Amino acid sequence: MPKDSDKPRWMMHGITSEPVENYLYSLLPARDEVLLEMETAAAKRNIPIVGPAVARILHQLALMTDAKNVFEMGSAIGYSTIWWARAVGEGGRVIYTDGDRNNADEARGYFQRAGIADRISVNVGDAVELLSEQKHQFDIIFCDVDKEDYPRALRVALPKLRKRGLFVADNVLWSGKVTQENAEEATTKAIQELNHLLYGSCELFTTILPIRDGLAVAIKA
């Protein structure tokens, strides 16, 4: 495994011990050419992606719930979008959202090369606003927007999630910063608020998985 200083951003550390983290990544099967290219681009250009360990969980969650429509809030260059799209299969639908048109254009190219472009609707704009405009409910809503928007994202997402649907949020341990009492950083405070909302909601049953930067998985009652 690479030295800590050489690790790409998507291979985060600090939640699990470094030897355990290295072991988990060493077990991962090789990704295809498109995904490997995206991982390399993300590392070189400091683009936030979930990385392959978390992406496999997303894919698995969709398979386990037989999800056919997924709304993704905050998609960057579409790395996680590809994993969702492959999981929903032919006839499934994933809605990609990002505020950066250049990201969306780059993502379209990857989707075409991956052979799943027909399953993905690409939307540019505020992801939370785009979700609020949807007229139907989703099997899975994935939250990876700007962290200050996490509490707002959950409030908008809940009515848009079907019964037994999943709300999944990335970065919910925030490099361990969520353990700070009286945190001053706005992003940390927002993630702490989200976590309290998730566990305090009578509509959701939530578990935080301490992998990479923390992944919250909540099922709607």
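Which residue in β5 does Cys143 stand opposite? The points below take this up along with other features.

1. Basis. This is a predicted model, in which local features need pLDDT of at least 70, side-chain atom pairs count only at pLDDT 80 or more, and totals for chains, interfaces and linings use all residues. Residues are numbered from 1 along each chain as its sequence is written, and side-chain values use heavy atoms, with hydrogens and water left out.

2. Strand β5 and its partners. Cys143 stands opposite Ala169 in β5. Strand β4 (residues 138-143) and β5 run parallel, joined by 5 bridges. Strands are DSSP runs of E with at least two residues, helices are runs of H or I with at least four, and both are numbered from the N terminus. Two strands pair if DSSP finds at least two bridges between them. With strand β7 (residues 215-220), β5 pairs in the antiparallel sense, again over 5 bridges; here Val168 has Val217 in β7 as its bridge partner.

3. Burial of β5. Of the 10 residues of strand β5 (residues 161-170), 7 are buried, so the strand is largely enclosed by the rest of the structure. Buried means under 20% relative accessible area, exposed over 50%, and partly exposed in between, with a 1.4 Å probe and protein chains only.

4. The crossover. β4, α7 and β5 form a right-handed β-α-β unit. Right-handed means that, with the strands pointing away from the viewer, the path from the first strand over the helix to the second runs clockwise.

5. Helices α7 and α8. Two packed helices are described by the angle between their axes and the distance between the axes. For α7 (residues 150-157) and α8 (residues 186-200), the axes come within 8 Å and cross at roughly 30°. Axes are lines fitted to C-alpha atoms, for helices over the stretch in contact, and angles run from 0 to 180 degrees between N-to-C directions. Residues of α7 including Tyr150 and Leu154 meet a set in α8 that includes Ile191 and Leu194; contact means heavy atoms within 4.5 Å.

6. Helix α1. In α1 (residues 18-27), the buried residues are Glu21, Asn22 and Tyr25. Seen down the axis, they fall within an arc of 100°, so they line one face of the helix; the arc is that of the directions from the helix axis to the C-beta atoms. Exposed residues Pro19, Tyr23 and Leu27 sit on the face turned away from the buried side. The cover over the buried residues of α1 includes α3 (51-64).
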